[in-house]
Amino acid sequence: MLKTIGAVLSALKKGRATVNYPYEPITPPQNYRGKVQYDSTKCIGCGTCQYVCGGKAIKIDTYNDHFDYILWDAACTRCGMCVEFCPTGALTMSENLHNAILGEEILERIHYKNIPYVRCDICKKYIKPLPDVVYQEILKGNNYAFKENEHICPDCRRKLHAEKLFKGINTLVNR
């Protein structure tokens, strides 16, 4: 009995062990995985996030002139695999602790973004636009020729490069 009273008194000395949440602010623990946040300006529509998503919360529908990005927050398991595998950093985990939702709010947790393609300057075929984050990665070596041809499809870019190469060879041969 004295042992129990001693334990109670020592617990009372330590004070409250819990936080009076939501009336008191709380900081999430380090590496807390909250909601997935999507930045459409960085997305290249590669579909890696859709492939690794265990909860099937991410869906990318591709069409001739655009692709649709759909993230259903209610189906997300907060595993963080999509964030881990996203090559451009378009997906991040928030530190938002408010993950509980009411049943009628479930449809408000669907994030939808329509990303239109751009047309090739030469053949007018639709191509996926590359976000600036990709150009920054490519242009680390100051490859400005790539940036100049950003609105040209890979087929037309190869043809242009081949034409420049043949012009260079012809000038060397005709010397």
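Visitor: Let's start with the holes: how many cavities of 30 Å³ or more are there?

Guide: One thing to keep in mind before we look: this is a predicted model. As for a cavity, think of a space where a 1.4 Å probe fits but cannot get out. Here the count comes to two cavities of 30 Å³ or more.

Visitor: What volume does the largest cavity have?

Guide: The largest cavity has a volume of about 90 Å³. Its lining is made up of 15 residues. Lying nearest its centre are Cys-43, Cys-46, Cys-49, Cys-86 and Pro-87.

Visitor: On to the sheet, then. In what order do the strands sit?

Guide: The general idea: strands of a sheet pair through backbone hydrogen bonds, either parallel or antiparallel. In this model there is an open sheet of three strands, in the order β2-β3-β5, and the pairing is antiparallel. Neighbouring strands are turned by 15° against each other on average, direction ignored.

Visitor: How many bridges join β2 to β3?

Guide: Five bridges join those two, β2 and β3. They form a hairpin, with three residues between them. For a pair you can find by eye, take Thr-62, whose bridge partner in β3 is Phe-67.

Visitor: And which residue of β5 does Phe-67 stand opposite?

Guide: That's Ile-115. Strand β3 (residues 66-72) and β5 run antiparallel and are joined by seven bridges. Another pair to look for is Trp-72 with its bridge partner Ile-110 in β5.

Visitor: Is β3 mostly covered or mostly open?

Guide: For that, ask how many residues are buried, with the cut-off at under 20% relative accessible area. In β3, five of the seven residues are buried, making the strand mostly covered.

Visitor: What about Asp-73, is that buried or exposed?

Guide: Asp-73 has a relative accessible area of 3%, so it counts as buried. You'll find Asp-73 in the loop between β3 and α3. Leaving out residues up to four places away in sequence, Asp-73 touches Lys-35, Val-36, Arg-78, Arg-109 and His-111.

Visitor: Now helices. How far does α6 reach from its first C-alpha to its last?

Guide: First the general idea: an α-helix has 3.6 residues a turn, so residues three or four places apart point the same way. Helix α6 (residues 154-173) has 20 residues and reaches 28 Å, close to the 28 Å expected at 1.5 Å a residue.

Visitor: Where is Phe-85 found?

Guide: Look in helix α3 (residues 81-85). Phe-85 counts as partly exposed because its relative accessibility is 42%. Skipping residues up to four places away in sequence, Phe-85 touches Thr-48 and Val-52. Also try the distance to Cys-53: Phe-85 and Cys-53 are 32 residues apart in sequence but 10 Å apart in space, C-alpha to C-alpha.

Key. Residues are numbered from 1 along each chain as its sequence is written. This is a predicted model: local features need pLDDT of at least 70, side-chain atom pairs count only at pLDDT 80 or more; totals for chains, interfaces and linings use all residues. Side-chain values use heavy atoms; hydrogens and water are left out. Two strands pair if DSSP finds at least two bridges between them. Helices (H or I, at least four residues) and strands (E, at least two) are DSSP runs, numbered from the N terminus. Axes are lines fitted to C-alpha atoms, for helices over the stretch in contact, and angles run from 0 to 180 degrees between N-to-C directions. Buried means under 20% relative accessible area, exposed over 50%, partly exposed in between (1.4 Å probe, protein chains only). Contact means heavy atoms within 4.5 Å. The expected span of a helix is 1.5 Å times one less than its number of residues. On a 1 Å grid over the protein atoms alone, a cavity is a set of points where a 1.4 Å probe fits but cannot get out, and a pocket is an open set with protein on both sides within 12 Å along at least five of seven lines; lining residues have an atom within 4 Å of a point. Grid points are joined across faces, edges and corners, and a volume is the space filled by probe spheres set on the points.
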